[in-house]
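Welcome! Let's walk through this structure together, one question at a time.

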Amino acid sequence: MNLRAVVLVVGVVAFTGVVASPPAFAWDDFGHMEVAAVAYPKLNAKAKKKVAALLKLNPRYALWVSGVKAADAERVAFMRAATWADSIKSDAGYKDDQQTAPTAGQNVGYTDKLKHAYWHFVDQPYAADATPGAAALAPNALTQIGLLRAALATAATTDDVKSYDLVWLLHLVGDVHQPLHCVSRYDVADPKGDRGGNNVLITNAAQPAVCDDPRYCPFGPPNELHAFFDDIEGAGYAVEPPYVAAGKLAKADKTKAAIADENVWVAEGLELAKTAVYVAPIGLGDGPFAIDAAYQAAAEKLGRARIALAGARLANLINDALGK
(Lines give C-alpha, C1' and ligand atoms only; values in the text may rest on other atoms or scores of the structure.)
Protein backbone atom coordinates (compact mmCIF):
# COMPACT_ATOMS: atom_id res chain seq x y z
CA MET A 1 0.00 0.00 0.00
CA ASN A 2 1.40 3.43 -0.93
CA LEU A 3 1.60 6.31 1.53
CA ARG A 4 -1.47 7.95 0.14
CA ALA A 5 -3.48 4.81 0.72
CA VAL A 6 -2.16 4.59 4.29
CA VAL A 7 -3.28 8.15 4.96
CA LEU A 8 -6.65 7.34 3.44
CA VAL A 9 -7.16 4.30 5.66
CA VAL A 10 -6.33 6.35 8.75
CA GLY A 11 -8.78 9.02 7.62
CA VAL A 12 -11.56 6.53 6.97
CA VAL A 13 -11.05 4.93 10.36
CA ALA A 14 -11.12 8.32 12.05
CA PHE A 15 -14.33 9.42 10.37
CA THR A 16 -16.31 6.19 10.07
CA GLY A 17 -14.69 3.58 12.25
CA VAL A 18 -14.56 1.26 9.22
CA VAL A 19 -11.23 0.11 7.81
CA ALA A 20 -11.00 0.30 4.03
CA SER A 21 -8.11 -0.61 1.78
CA PRO A 22 -8.49 1.31 -1.49
CA PRO A 23 -6.80 0.11 -4.67
CA ALA A 24 -4.96 2.28 -7.16
CA PHE A 25 -7.20 3.52 -9.96
CA ALA A 26 -6.11 4.31 -13.50
CA TRP A 27 -7.40 7.78 -14.41
CA ASP A 28 -9.52 7.62 -11.23
CA ASP A 29 -13.26 7.12 -11.86
CA PHE A 30 -13.33 10.63 -13.33
CA GLY A 31 -10.89 9.84 -16.12
CA HIS A 32 -12.48 6.51 -16.99
CA MET A 33 -15.88 8.17 -17.30
CA GLU A 34 -14.30 10.89 -19.42
CA VAL A 35 -12.92 8.25 -21.80
CA ALA A 36 -16.40 6.73 -22.03
CA ALA A 37 -17.95 10.16 -22.57
CA VAL A 38 -15.63 10.71 -25.54
CA ALA A 39 -16.53 7.31 -26.97
CA TYR A 40 -20.30 7.33 -26.52
CA PRO A 41 -21.34 9.85 -29.22
CA LYS A 42 -19.01 8.09 -31.67
CA LEU A 43 -20.93 4.80 -31.42
CA ASN A 44 -23.15 3.99 -34.38
CA ALA A 45 -26.86 3.33 -33.86
CA LYS A 46 -26.59 -0.47 -33.94
CA ALA A 47 -23.70 -0.51 -31.48
CA LYS A 48 -25.52 1.86 -29.10
CA LYS A 49 -28.60 -0.35 -29.09
CA LYS A 50 -26.59 -3.48 -28.37
CA VAL A 51 -24.47 -1.74 -25.73
CA ALA A 52 -27.59 -0.50 -23.94
CA ALA A 53 -29.01 -4.03 -23.78
CA LEU A 54 -25.74 -5.60 -22.62
CA LEU A 55 -25.13 -3.08 -19.85
CA LYS A 56 -28.52 -3.89 -18.32
CA LEU A 57 -27.15 -7.37 -17.54
CA ASN A 58 -24.52 -5.96 -15.17
CA PRO A 59 -25.47 -6.48 -11.51
CA ARG A 60 -24.89 -2.80 -10.75
CA TYR A 61 -26.97 -1.41 -13.58
CA ALA A 62 -29.81 -0.25 -11.32
CA LEU A 63 -27.33 1.72 -9.22
CA TRP A 64 -25.78 3.32 -12.29
CA VAL A 65 -29.10 4.78 -13.45
CA SER A 66 -30.75 5.43 -10.09
CA GLY A 67 -32.26 8.92 -10.12
CA VAL A 68 -31.14 9.54 -13.72
CA LYS A 69 -33.54 10.99 -16.29
CA ALA A 70 -34.70 8.37 -18.78
CA ALA A 71 -33.26 10.38 -21.67
CA ASP A 72 -29.80 10.24 -20.08
CA ALA A 73 -29.85 6.70 -18.69
CA GLU A 74 -28.01 4.94 -21.51
CA ARG A 75 -25.21 7.51 -21.62
CA VAL A 76 -24.83 7.57 -17.85
CA ALA A 77 -24.81 3.77 -17.64
CA PHE A 78 -22.11 3.65 -20.32
CA MET A 79 -19.97 6.14 -18.40
CA ARG A 80 -20.40 4.48 -15.02
CA ALA A 81 -19.82 1.04 -16.51
CA ALA A 82 -16.28 2.19 -17.29
CA THR A 83 -15.58 2.26 -13.54
CA TRP A 84 -16.96 -1.21 -12.73
CA ALA A 85 -13.63 -3.09 -13.07
CA ASP A 86 -12.13 -0.83 -10.40
CA SER A 87 -15.18 -0.92 -8.15
CA ILE A 88 -14.99 -4.70 -7.70
CA LYS A 89 -11.56 -4.29 -6.10
CA SER A 90 -13.33 -3.07 -2.95
CA ASP A 91 -16.38 -5.34 -3.28
CA ALA A 92 -16.58 -8.04 -0.60
CA GLY A 93 -18.26 -10.30 -3.13
CA TYR A 94 -15.07 -10.51 -5.19
CA LYS A 95 -11.85 -12.27 -4.23
CA ASP A 96 -8.19 -11.48 -4.70
CA ASP A 97 -6.48 -13.97 -6.98
CA GLN A 98 -3.08 -14.82 -8.38
CA GLN A 99 -1.80 -14.04 -11.86
CA THR A 100 -0.34 -17.54 -12.04
CA ALA A 101 -3.60 -19.34 -11.22
CA PRO A 102 -5.30 -21.50 -13.88
CA THR A 103 -8.32 -19.17 -13.69
CA ALA A 104 -6.28 -15.99 -14.24
CA GLY A 105 -7.15 -15.57 -17.92
CA GLN A 106 -10.64 -17.06 -17.93
CA ASN A 107 -13.57 -15.36 -19.64
CA VAL A 108 -16.75 -16.82 -18.16
CA GLY A 109 -18.96 -13.80 -17.47
CA TYR A 110 -20.45 -12.57 -14.21
CA THR A 111 -20.10 -15.94 -12.48
CA ASP A 112 -16.42 -14.95 -12.22
CA LYS A 113 -16.01 -13.41 -8.77
CA LEU A 114 -12.24 -12.88 -9.05
CA LYS A 115 -10.86 -9.34 -9.04
CA HIS A 116 -8.20 -9.97 -11.72
CA ALA A 117 -6.25 -6.94 -10.52
CA TYR A 118 -3.38 -7.82 -12.90
CA TRP A 119 -5.66 -7.30 -15.91
CA HIS A 120 -5.36 -3.54 -15.38
CA PHE A 121 -1.73 -3.17 -16.46
CA VAL A 122 1.10 -4.68 -18.45
CA ASP A 123 4.46 -4.21 -16.74
CA GLN A 124 6.73 -3.81 -19.75
CA PRO A 125 10.25 -3.40 -18.39
CA TYR A 126 12.13 -0.12 -18.67
CA ALA A 127 15.73 -0.41 -17.48
CA ALA A 128 16.61 3.15 -16.44
CA ASP A 129 20.18 2.18 -15.50
CA ALA A 130 22.14 -1.06 -15.67
CA THR A 131 19.54 -2.89 -13.55
CA PRO A 132 18.05 -5.78 -15.55
CA GLY A 133 14.28 -5.84 -16.01
CA ALA A 134 11.85 -8.75 -16.08
CA ALA A 135 9.38 -9.49 -18.87
CA ALA A 136 5.75 -8.65 -18.18
CA LEU A 137 3.78 -11.55 -16.77
CA ALA A 138 0.61 -12.77 -18.47
CA PRO A 139 -2.33 -12.54 -18.40
CA ASN A 140 -2.32 -8.76 -18.33
CA ALA A 141 -4.09 -5.78 -19.88
CA LEU A 142 -2.66 -6.53 -23.31
CA THR A 143 -3.62 -10.19 -23.42
CA GLN A 144 -7.08 -9.55 -22.01
CA ILE A 145 -8.01 -6.74 -24.40
CA GLY A 146 -7.29 -9.12 -27.27
CA LEU A 147 -9.23 -11.96 -25.68
CA LEU A 148 -12.25 -9.90 -24.62
CA ARG A 149 -12.64 -7.94 -27.85
CA ALA A 150 -12.56 -11.18 -29.87
CA ALA A 151 -15.27 -12.70 -27.66
CA LEU A 152 -17.37 -9.53 -27.85
CA ALA A 153 -17.36 -9.73 -31.65
CA THR A 154 -18.20 -13.45 -31.80
CA ALA A 155 -21.84 -14.32 -32.42
CA ALA A 156 -21.64 -17.51 -30.36
CA THR A 157 -20.59 -15.67 -27.18
CA THR A 158 -23.46 -15.49 -24.70
CA ASP A 159 -24.86 -12.07 -23.80
CA ASP A 160 -23.81 -12.56 -20.17
CA VAL A 161 -20.19 -12.97 -21.24
CA LYS A 162 -20.48 -10.16 -23.77
CA SER A 163 -21.77 -7.82 -21.07
CA TYR A 164 -18.88 -8.78 -18.79
CA ASP A 165 -16.40 -8.33 -21.64
CA LEU A 166 -17.87 -4.96 -22.58
CA VAL A 167 -17.54 -3.44 -19.11
CA TRP A 168 -13.99 -4.72 -18.83
CA LEU A 169 -13.09 -3.30 -22.24
CA LEU A 170 -14.63 0.07 -21.35
CA HIS A 171 -12.13 0.13 -18.52
CA LEU A 172 -9.03 -1.56 -19.94
CA VAL A 173 -8.84 0.55 -23.09
CA GLY A 174 -8.65 3.54 -20.77
CA ASP A 175 -6.09 1.82 -18.57
CA VAL A 176 -3.55 1.18 -21.32
CA HIS A 177 -3.71 4.80 -22.45
CA GLN A 178 -2.37 5.87 -19.05
CA PRO A 179 1.39 5.40 -19.68
CA LEU A 180 2.15 4.13 -16.19
CA HIS A 181 -0.14 1.15 -16.81
CA CYS A 182 2.26 0.03 -19.53
CA VAL A 183 5.58 0.03 -17.66
CA SER A 184 7.59 -0.94 -14.63
CA ARG A 185 10.83 1.00 -14.27
CA TYR A 186 13.88 -0.90 -13.02
CA ASP A 187 16.80 0.86 -11.38
CA VAL A 188 19.12 0.38 -8.45
CA ALA A 189 16.43 1.58 -6.03
CA ASP A 190 13.78 -0.70 -7.54
CA PRO A 191 15.52 -3.89 -8.71
CA LYS A 192 12.10 -5.58 -8.85
CA GLY A 193 10.46 -2.69 -10.69
CA ASP A 194 8.62 0.40 -9.46
CA ARG A 195 5.11 -0.99 -10.19
CA GLY A 196 4.22 1.63 -12.75
CA GLY A 197 5.41 4.53 -10.62
CA ASN A 198 3.53 3.44 -7.50
CA ASN A 199 6.83 3.36 -5.60
CA VAL A 200 7.90 6.85 -6.74
CA LEU A 201 7.07 9.59 -4.24
CA ILE A 202 6.43 13.19 -5.28
CA THR A 203 5.76 16.56 -3.67
CA ASN A 204 4.32 19.88 -4.85
CA ALA A 205 1.73 18.37 -7.20
CA ALA A 206 -1.39 20.42 -7.78
CA GLN A 207 -4.75 19.25 -6.51
CA PRO A 208 -6.83 18.10 -9.53
CA ALA A 209 -8.96 20.93 -10.90
CA VAL A 210 -12.09 18.83 -10.33
CA CYS A 211 -11.79 16.89 -7.09
CA ASP A 212 -14.91 15.64 -5.31
CA ASP A 213 -13.80 12.10 -4.51
CA PRO A 214 -14.15 11.67 -0.73
CA ARG A 215 -11.62 8.84 -0.78
CA TYR A 216 -8.79 11.11 -1.89
CA CYS A 217 -9.53 14.80 -2.19
CA PRO A 218 -9.71 15.72 1.52
CA PHE A 219 -6.16 14.40 1.93
CA GLY A 220 -4.56 16.76 -0.55
CA PRO A 221 -2.79 16.29 -3.89
CA PRO A 222 -1.32 12.93 -4.94
CA ASN A 223 1.98 12.07 -3.30
CA GLU A 224 3.14 9.32 -5.65
CA LEU A 225 3.69 9.36 -9.38
CA HIS A 226 1.13 6.79 -10.43
CA ALA A 227 -1.71 8.52 -8.57
CA PHE A 228 -0.56 11.86 -9.97
CA PHE A 229 -1.25 10.65 -13.51
CA ASP A 230 -4.41 8.78 -12.49
CA ASP A 231 -5.91 12.01 -11.15
CA ILE A 232 -4.49 14.39 -13.74
CA GLU A 233 -7.92 15.28 -15.19
CA GLY A 234 -9.91 14.95 -11.99
CA ALA A 235 -11.05 12.71 -9.15
CA GLY A 236 -14.66 11.84 -8.38
CA TYR A 237 -17.72 9.75 -9.26
CA ALA A 238 -20.17 12.45 -10.30
CA VAL A 239 -21.07 11.96 -13.97
CA GLU A 240 -21.52 15.47 -15.30
CA PRO A 241 -18.00 16.89 -14.57
CA PRO A 242 -16.21 14.27 -16.74
CA TYR A 243 -18.93 14.63 -19.37
CA VAL A 244 -18.31 18.37 -19.52
CA ALA A 245 -14.54 17.83 -19.51
CA ALA A 246 -14.81 15.38 -22.41
CA GLY A 247 -16.63 17.99 -24.46
CA LYS A 248 -13.71 20.38 -24.05
CA LEU A 249 -11.03 17.96 -25.25
CA ALA A 250 -9.33 18.48 -28.59
CA LYS A 251 -10.27 15.71 -31.01
CA ALA A 252 -7.78 12.87 -31.32
CA ASP A 253 -5.70 12.63 -34.46
CA LYS A 254 -7.71 10.56 -36.97
CA THR A 255 -4.75 8.50 -38.09
CA LYS A 256 -3.82 7.56 -34.54
CA ALA A 257 -7.44 6.95 -33.59
CA ALA A 258 -7.77 4.47 -36.45
CA ILE A 259 -5.03 2.25 -35.02
CA ALA A 260 -6.92 -0.81 -33.78
CA ASP A 261 -3.98 -2.94 -32.62
CA GLU A 262 -3.76 -3.04 -28.84
CA ASN A 263 -0.09 -4.00 -29.16
CA VAL A 264 0.56 -0.58 -30.66
CA TRP A 265 -1.43 1.12 -27.88
CA VAL A 266 0.68 -0.56 -25.23
CA ALA A 267 3.94 0.18 -27.07
CA GLU A 268 2.91 3.85 -27.17
CA GLY A 269 2.40 3.79 -23.42
CA LEU A 270 5.89 2.43 -22.79
CA GLU A 271 7.47 5.03 -25.07
CA LEU A 272 5.55 7.87 -23.42
CA ALA A 273 6.59 6.63 -19.99
CA LYS A 274 10.22 6.88 -21.09
CA THR A 275 9.96 10.22 -22.87
CA ALA A 276 7.26 12.13 -20.99
CA VAL A 277 6.78 10.61 -17.53
CA TYR A 278 10.20 9.50 -16.23
CA VAL A 279 11.78 12.83 -17.11
CA ALA A 280 13.05 15.75 -15.03
CA PRO A 281 12.26 16.46 -12.27
CA ILE A 282 11.58 12.70 -11.90
CA GLY A 283 14.98 11.10 -11.39
CA LEU A 284 16.23 7.62 -10.64
CA GLY A 285 15.04 5.99 -7.45
CA ASP A 286 11.90 6.56 -5.43
CA GLY A 287 12.30 10.24 -4.61
CA PRO A 288 10.57 12.21 -3.34
CA PHE A 289 10.77 14.45 -6.40
CA ALA A 290 9.29 17.97 -6.44
CA ILE A 291 6.84 18.50 -9.31
CA ASP A 292 7.43 21.85 -10.99
CA ALA A 293 5.05 23.96 -13.06
CA ALA A 294 6.44 22.79 -16.40
CA TYR A 295 6.08 19.10 -15.51
CA GLN A 296 2.55 19.69 -14.15
CA ALA A 297 1.46 21.46 -17.33
CA ALA A 298 3.01 18.82 -19.59
CA ALA A 299 1.36 16.03 -17.60
CA GLU A 300 -2.05 17.70 -17.86
CA LYS A 301 -1.63 18.11 -21.63
CA LEU A 302 -0.54 14.48 -21.98
CA GLY A 303 -3.47 13.25 -19.90
CA ARG A 304 -6.02 15.12 -22.00
CA ALA A 305 -4.51 13.82 -25.23
CA ARG A 306 -4.43 10.21 -24.03
CA ILE A 307 -8.02 10.33 -22.78
CA ALA A 308 -9.24 11.75 -26.10
CA LEU A 309 -7.35 9.08 -28.02
CA ALA A 310 -8.57 6.29 -25.73
CA GLY A 311 -12.17 7.37 -26.23
CA ALA A 312 -11.86 7.45 -30.02
CA ARG A 313 -10.22 4.03 -30.11
CA LEU A 314 -12.75 2.59 -27.67
CA ALA A 315 -15.62 3.72 -29.91
CA ASN A 316 -13.97 2.13 -32.94
CA LEU A 317 -13.46 -1.14 -31.05
CA ILE A 318 -17.12 -1.28 -29.98
CA ASN A 319 -18.41 -0.33 -33.42
CA ASP A 320 -16.29 -3.06 -34.98
CA ALA A 321 -17.49 -5.66 -32.47
CA LEU A 322 -21.18 -4.75 -32.12
CA GLY A 323 -22.09 -2.22 -34.81
CA LYS A 324 -21.67 -4.12 -38.05
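Q: Does Asn 204 count as buried or exposed?
A: This is a predicted model, and in it Asn 204 sits in the loop between strand 3 (202-203) and helix 9 (225-230). Its phi is positive, about 70 degrees, although Asn 204 is not a glycine. A residue counts as exposed when its relative accessible area is over 50%. Asn 204 has 60% relative accessibility, so Asn 204 counts as exposed.

Q: And Asp 28, buried or exposed?
A: Asp 28 belongs to helix 2. Asp 28 is not a glycine, and yet it has a positive phi of about 60 degrees. The cut-off for buried is under 20% relative accessible area. With 0% relative accessibility, Asp 28 therefore counts as buried.

Q: Which residues is Ala 37 in contact with, leaving aside its neighbours within four places in sequence?
A: Ala 37 is found in helix 2 (residues 28-39). Its relative accessibility is 7%, so Ala 37 counts as buried. Leaving aside neighbours within four places in sequence, its contacts are Met 79, Pro 242, Tyr 243 and Ala 246.

Q: How is helix 3 oriented relative to helix 8: roughly parallel or roughly perpendicular?
A: Helix 3 (residues 45-55) packs with helix 8 (residues 159-175) at about 105 degrees, and the axes are 9 Å apart. Among the residues making the contact are Val 51 and Leu 54 of helix 3, with Leu 166 and Val 167 of helix 8. The residues of this contact divide into six nonpolar, one polar and three charged. Angles from 65 to 115 degrees count as roughly perpendicular, so helix 3 and helix 8 are roughly perpendicular.

Q: What about helix 12 and helix 13: roughly perpendicular or roughly antiparallel?
A: Helix 12 and helix 13 (residues 293-322) pack at an angle of about 175 degrees, and their axes are 12 Å apart. Any angle over 145 degrees counts as roughly antiparallel. Helix 12 is therefore, relative to helix 13, roughly antiparallel.

Q: How many nonpolar, polar and charged residues does the contact of helix 12 with helix 13 have?
A: Helix 12 contributes residues including Trp 265, Glu 268 and Leu 272, while helix 13 contributes residues including Leu 302, Arg 306 and Leu 309. Sorted by class, the contact has eight nonpolar, one polar and three charged residues.

Q: Where is Pro 281, and which residues is it in contact with beyond four places in sequence?
A: Pro 281 lies in the loop between helix 12 (262-277) and strand 4 (289-290). Its relative accessible area is 24%, so Pro 281 is partly exposed. Beyond four places in sequence, Pro 281 is in contact with Phe 289, Ala 290, Ile 291, Asp 292 and Tyr 295.

Q: Which residue does a cis peptide bond join to Gly 287?
A: The residue lies in the loop between helix 12 and strand 4. The cis bond has an omega of about 15 degrees, and the residue joined to Gly 287 is Pro 288.

Q: What radius of gyration does the protein chain have?
A: The protein chain has 13 helices and four strands, and buried residues make up 53% of its 324 residues. A compact globule with 324 residues would have a radius of gyration near 20 Å, which agrees with the value for the protein chain, 19 Å.

Methods
Residues numbered from 1 in each chain as written. Predicted model: local features only at pLDDT ≥ 70, side-chain atom pairs only at ≥ 80, totals over all residues. Heavy atoms only, no water. Axes fitted to C-alpha atoms, helices over the stretch in contact; angles between N-to-C directions. Helix = DSSP H or I, 4+ residues; strand = E, 2+ residues; numbered from the N terminus. Parallel < 35°, antiparallel > 145°, perpendicular 65-115°, else oblique. Contact = heavy atoms within 4.5 Å. Nonpolar A, V, L, I, M, F, W, Y, C, P; charged D, E, K, R; others polar. Rg over C-alpha atoms; globule rule 2.2 N^0.38 Å. Buried < 20%, exposed > 50% of the residue type's maximum accessible area, 1.4 Å probe, protein only.
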